[in-house]
Amino acid sequence: MKKEKFSWKKRAKSFRYAFAGIWSLISTEHNARIHCIAAICAVTAGIIFNISAIEWTVIVLCIGAVLAAESFNSAIETLSDRVSSSYDEAVKRTKDIAAGAVLLTAIAAATAGLIIFVPKIINLF
């Protein structure tokens, strides 16, 4: 591995690339937009119910995990489609597993949201 001298300019460029990736994810992936809407709903509910710092931590980590999983899934799908334009069972399996990872992460996040918000909703009545 080539050792390069540290550069603030290169670090700034790496952040630009990362933000371009986030923008690409949100602007091109329908499921990412759905996850963003769910995140906005969770944040709004957190504000309305004045959740604790620990509850905010759980919500933020769940949002980050789901969006990261969706990002990895999208990257895997994009690369897989580039590598093999025709049907390939290994590519299908890889894409299915990546999509399953997003689903598992979203289920865990939804469960955490239910644990946090259902008691607060019940207390309204």
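**View 1. Ala98, a buried residue in helix H4 of a predicted model.** Ala98 has a relative accessible area of 9% and is therefore buried (buried means under 20% relative accessible area, exposed over 50%, and partly exposed in between, with a 1.4 Å probe and protein chains only). Its place is in helix H4; helices (H or I, at least four residues) and strands (E, at least two) are DSSP runs, numbered from the N terminus. Leaving aside neighbours within four places in sequence, Ala98 is in contact with Asn73 and Ile76, where contact means heavy atoms within 4.5 Å. Ala12 is 86 residues from Ala98 along the chain, and 30 Å separates the two C-alpha atoms. This is a predicted model, in which local features need pLDDT of at least 70, side-chain atom pairs count only at pLDDT 80 or more, and totals for chains, interfaces and linings use all residues. Residues are numbered from 1 along each chain as its sequence is written, and side-chain values use heavy atoms, with hydrogens and water left out.

View 2. Val102 counts as buried because its relative accessibility is 7%.

**View 3. Ala69 in helix H3.** Ala69 counts as buried, at 12% relative accessibility. Once residues up to four places away in sequence are set aside, Ala69 touches Val102 and Thr105. Between Ala69 and Leu104 there are 9.4 Å, C-alpha to C-alpha, and the two are 35 residues apart in sequence.

**View 4. The crossing of helices H1 and H2.** H1 (residues 8-28) and H2 (residues 30-48) have axes that come within 5 Å and cross at roughly 95°. That makes H1 roughly perpendicular to H2. Axes are lines fitted to C-alpha atoms, for helices over the stretch in contact, and angles run from 0 to 180 degrees between N-to-C directions; angles under 35 degrees count as roughly parallel, over 145 as roughly antiparallel, 65 to 115 as roughly perpendicular and the rest as oblique. On the H1 side, Leu25, Ile26, Ser27 and Thr28 meet His30, Ala32, Arg33 and Cys36 of H2. The residues of this contact divide into four nonpolar, three polar and one charged (Ala, Val, Leu, Ile, Met, Phe, Trp, Tyr, Cys and Pro count as nonpolar, Asp, Glu, Lys and Arg as charged, and the others, Gly among them, as polar).

**View 5. Asn50 in the loop between H2 and helix H3 (53-83).** Asn50 is not a glycine, yet it has a positive phi of about 50°. With a relative accessible area of 67%, Asn50 is exposed.

View 6. Along the principal axes, the C-alpha atoms fill a box of roughly 60 × 45 × 25 Å. Buried residues make up 22% of the 125 residues.
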